[in-house]
Amino acid sequence: MSTTARELTYLEAIAEALAFEMDRDERVLVMGEDVGGSFGGAFKVTKGLAERFGDRRVMNTPIAELGFVGMANGMALMGLRPVVEVQFADFISTAFDSIVQFAATNHYRWGGAIPWVIRAPSDGGIRSGPFHSQNPEAWFVHTPGLKVVAPATPADAKGLLISAIRDDNPVIFFEAKPLYRSVRGPVPPGEHLVPIGRARIAREGSDVTVVTYGTQVHEALRAAQRLAPDGIAVEVLDLRTLKPLDSQAVLDSVAKTGRVLIVHAANRTAGVGAEVAALVAEEGFEWLDAPIVRLGGLDTPIPFSPPLEDAYRPDASKIEAALRKLAAF
Amino acid sequence: MDSELRISLHAWMVLTRTFDDAMVNLWKQGRGLGGTFSERGHEAISVGAGMALGPDDVVAPMHRDLGTYLLRGMSPERIFGNLLGKATGPSRGRDANLHGMGDLSLGIIGYVSHIPQALPTTLGAAMAFRYRGEPRVAMTFVGDGGTCAGGFHETLNMAALYRAPFVLVIENNQYAYSTPLEQEMAVTDLASRAASYGLATERVDGNDVEAVYRAVSAAVDRARRGDGPSAIEAVTMRMLGHAIHDGAEYVPRELLEEWEGRDPIERHRRALMADGVVTAEDLDRMQRVARERITEAIAAAEAAPFPDPSTVTEGVYA
């Protein structure tokens with residue numbers, strides 16, 4: 001098998017992973033609102049799959065997330081590997097019982113494995129308002145029994161989606177929708193797996209660490225670029241998986257730099273950043289040369305109007321300012 | 001209906017009632033653990049419906065369906081083990097009372113307290129069978145209370161849409177905890193709710209085990225033929241409280257007395273005797289066998305070990 005990487009968009013990489021797994025494993029099917037037929041989903045991630053694999057394996061569902069995620073629970077229990085698209089991550093709340101009460105607890109309670117993936121297009125900054133911009137990952141990171149991944153690059157999107165489909169547990173796969181067509185990168189063709197639970201150093205540096213994921217990886221890289229001329233070497237750690245967290249990678253980076261900024265687009269309070277901060281405080285305190293700093297969305301619903309949304313969201317400039325302050329501490 | 005089947009239906013109801021009575025007594029004696037749920041009065045439904053399934057079918061029973069667990073082959077020892085939080089229960093001490101008693105080798109999916117969750121899960125099982133072209137059926141139960149939740153409606157809409165090999169048994173036992181039917185919904189004909197989504201429906205006397213068996217068997221056959229899903233409303237009465245702690249003082253005594261006269265086991269016993277299918281001696285023996293079986297099961301479950309606390313984190317992930 002060729003290992004020559006071609007450049008794909010984040011969206012193309014996800015589509016390639018779906019087709020690859022459907023091709024190799026008859027148990028894999030795709031379901032969700034508007035995913036079937038020639039339409040191929042609100043974002044066109046599943047476009048072409050119905051033509052290639054038929055309606056049986058690319059199932060349109062009614063607007064009934066509680067019901068169709070619950071249906072995926074039963075399919076998974078009976079040995080299928082459903083990949084469920086919730087059209088926007090914001091709508092995942094309507095399926096909450098099916099995810100956190102049934103799927104997440106089932107293997108612990110009586111040993112029935114539930115190997116599904118929920119693909120959840122998340123994140124904002126694209127002027128979509130309070131209900132098409134959310135990052136609800138913390139709800140699921142808090143829930144034992146789930147795995148949660150959030151890739152930032154096309155290669156990781158493909159490799160993590162394939163790993164998620166092959167995983168025997170329920171995996172929530174947050175696709176950063178602002179990246180769908182804005183990010184392009186090398187993606188290995190064919191079989192390409194990125195292990196769940198392993199972070200990636202997106203940029204090496206020795207002065208300060210940014211721990212982040214999803215869209216904010218790209219913002220952090222931009223900020224790091226701006227600090228380089230001033231002799232501040234920023235390390236950017238892309239978590240890639242939020243649950244289980246790659247604690248060792250976080251601690252290794254903090255041991256190296258002694259300074260840590262945690263960034264996510266989700267609002268700050270009780271977000272994933274709080275868990276990372278607690279990890280560093282509990283297990284990396286001796287290496288710290290400065291207080292742990294968190295940068296997240298504001299604790300408000302996500303506003304629509306550009307000046308308001310820009311005020312809400314972290315971005316490269318806010319990260320840059322936080323890093324300068326932290327480096328000077 | 002052939003005599004062998006009639007006797008079998010009766011024997012499973014007797015075992016179920018014997019288990020249930022012994023369980024209630026155990027709790028009254030303070031030998032229970034946490035809460036538990038009696039299915040007294042529902043035996044004709046859990047046994048009649050459970051008996052309609054084939055060995056390769058799957059079922060997601062709820063907390064009033066002890067008879068279904070038993071006749072699918074889950075032993076009384078294991079069930080008492082679950083009730084008492086022992087390592088020998090199907091949930092290995094991880095889930096309470098009749099919850100979490102899934103065992104796919106017996107075709108049983110364990111339920112969660114969010115009762116309507118069993119509906120879409122069971123539909124998913126049915127869809128998996130259809131996906132693979134297997135002639136299998138998936139069945140579940142819901143109470144009158146559960147028919148008010150969104151999951152019920154979402155599932156029935158999809159079950160009919162996909163013509164899934166899915167069977168729902170609605171146990172209309174008149175009360176959702178303390179709330180009577182007429183305070184739960186304006187349309188109290190539960191079968192009609194399912195019919196409105198396009199399921200085949202039938203309303204049966206839930207205290208008549210043979211009627212339940214016939215209606216559910218027809219539904220199972222229909223599903224297996226590929227002719228789509230059904231919902232059977234079985235009308236009964238919850239004879240004890242919602243759970244063991246609940247004296248159900250809110251239920252009019254006259255209503256309970258009226259339903260006591262329709263006790264599913266007593267009615268079936270009289271019918272079997274009148275038809276000359278069994279003798280009083282046969283019935284005595286059936287009762288004795290059931291009592292011995294349950295006494296042994298309780299002794300075994302009480303003697304069984306609790307789970308080792310060092311295993312508490314095991315099994316969160318597959």
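**Helix packing, domains and chain contact**

The crossing of H1(B) and H9(B) is right-handed (a crossing is left-handed if the near helix is turned anticlockwise from the far one by less than a right angle, and right-handed if clockwise). The structure is a predicted model, in which local features need pLDDT of at least 70 and side-chain atom pairs count only at pLDDT 80 or more, whereas totals for chains, interfaces and linings use all residues. Residues are numbered from 1 along each chain as its sequence is written, with chains lettered from A and ligands numbered from 1 in the order in which they are written. For the complex, the predictor gives an ipTM of 0.97 together with a pTM of 0.97. The average pLDDT of chain B is 97, and 100% of its residues score at least 70 (pLDDT being the predictor's confidence in each residue, from 0 to 100).

In the pair formed by H1(B) and helix H9 (residues 209-225) of chain B, the axes come within 10 Å and cross at roughly 110° (axes are lines fitted to C-alpha atoms, for helices over the stretch in contact, and angles run from 0 to 180 degrees between N-to-C directions). H1(B) and H9(B) are therefore roughly perpendicular to each other (under 35 degrees counts as roughly parallel, over 145 as roughly antiparallel, 65 to 115 as roughly perpendicular and the rest as oblique). From H1(B), the residues B:Arg6, B:Leu9 and B:Met13 meet B:Val209, B:Glu210 and B:Tyr213 of H9(B) (two residues are in contact if their C-beta atoms, placed from the backbone, lie within 7 Å). Divided by class, this contact of H1(B) with H9(B) has four nonpolar, no polar and two charged residues (Ala, Val, Leu, Ile, Met, Phe, Trp, Tyr, Cys and Pro count as nonpolar, Asp, Glu, Lys and Arg as charged, and the others, Gly among them, as polar).

Helix H1 (residues 3-28) of chain B also packs against helix H2 (residues 43-51) of chain B, at an angle of about 135° and with the axes 9 Å apart, which makes H1(B) oblique to H2(B). The crossing of these two helices is right-handed. On the side of H1(B), the contact involves B:Leu9, B:Trp12, B:Met13, B:Thr16 and B:Arg17, which meet B:Glu43, B:Ala44, B:Ser46, B:Val47, B:Gly48 and B:Met51 in H2(B). Six nonpolar, three polar and two charged residues make up the contact of H1(B) with H2(B).

Between the chains, 32 residues of chain A are in contact with 33 residues of chain B. Helix H3 (65-77) and helix H4 (96-110) of chain A each supply at least two residues of the side of chain A that touches chain B (helices, H or I of at least four residues, and strands, E of at least two, are DSSP runs numbered from the N terminus). H3(A) gives the most to this side of chain A, with 10 residues. The residues of the side of chain A that touches chain B comprise 15 nonpolar, 13 polar and four charged.

Across this boundary, the axes of H3(A) and helix H6 (residues 150-161) of chain B come within 8 Å and cross at roughly 70°, and the two helices are therefore roughly perpendicular to each other. H3(A) passes H6(B) in a right-handed crossing. In H3(A), A:Leu66, A:Gly67, A:Phe68, A:Gly70 and A:Met71 meet B:Gly150, B:Gly151, B:Glu154, B:Thr155 and B:Met158 in H6(B), a contact with four nonpolar, five polar and one charged residues.

Domain 1 of chain A contributes 26 residues to the contact and domain 2 of chain A contributes 24 residues. The elements that give two or more residues to the domain 1 side are helix H5 (137-141), strand E6 (147-149), helix H6 (154-166) and strand E7 (171-176) of chain A. That side of domain 1 divides into 15 nonpolar, six polar and five charged residues.

Two backbone features of chain A were also noted. Most residues other than glycine have a negative phi, and most peptide bonds are trans. The peptide bond from A:Lys243 to A:Pro244, however, is cis, with omega near 0°, and A:Pro244 lies in the loop between strand E12 (241-243) and helix H8 (247-257) of chain A. A:Arg127, although not a glycine, has a positive phi of about 60° and is placed in the loop between strand E5 (117-122) and H5 of chain A.
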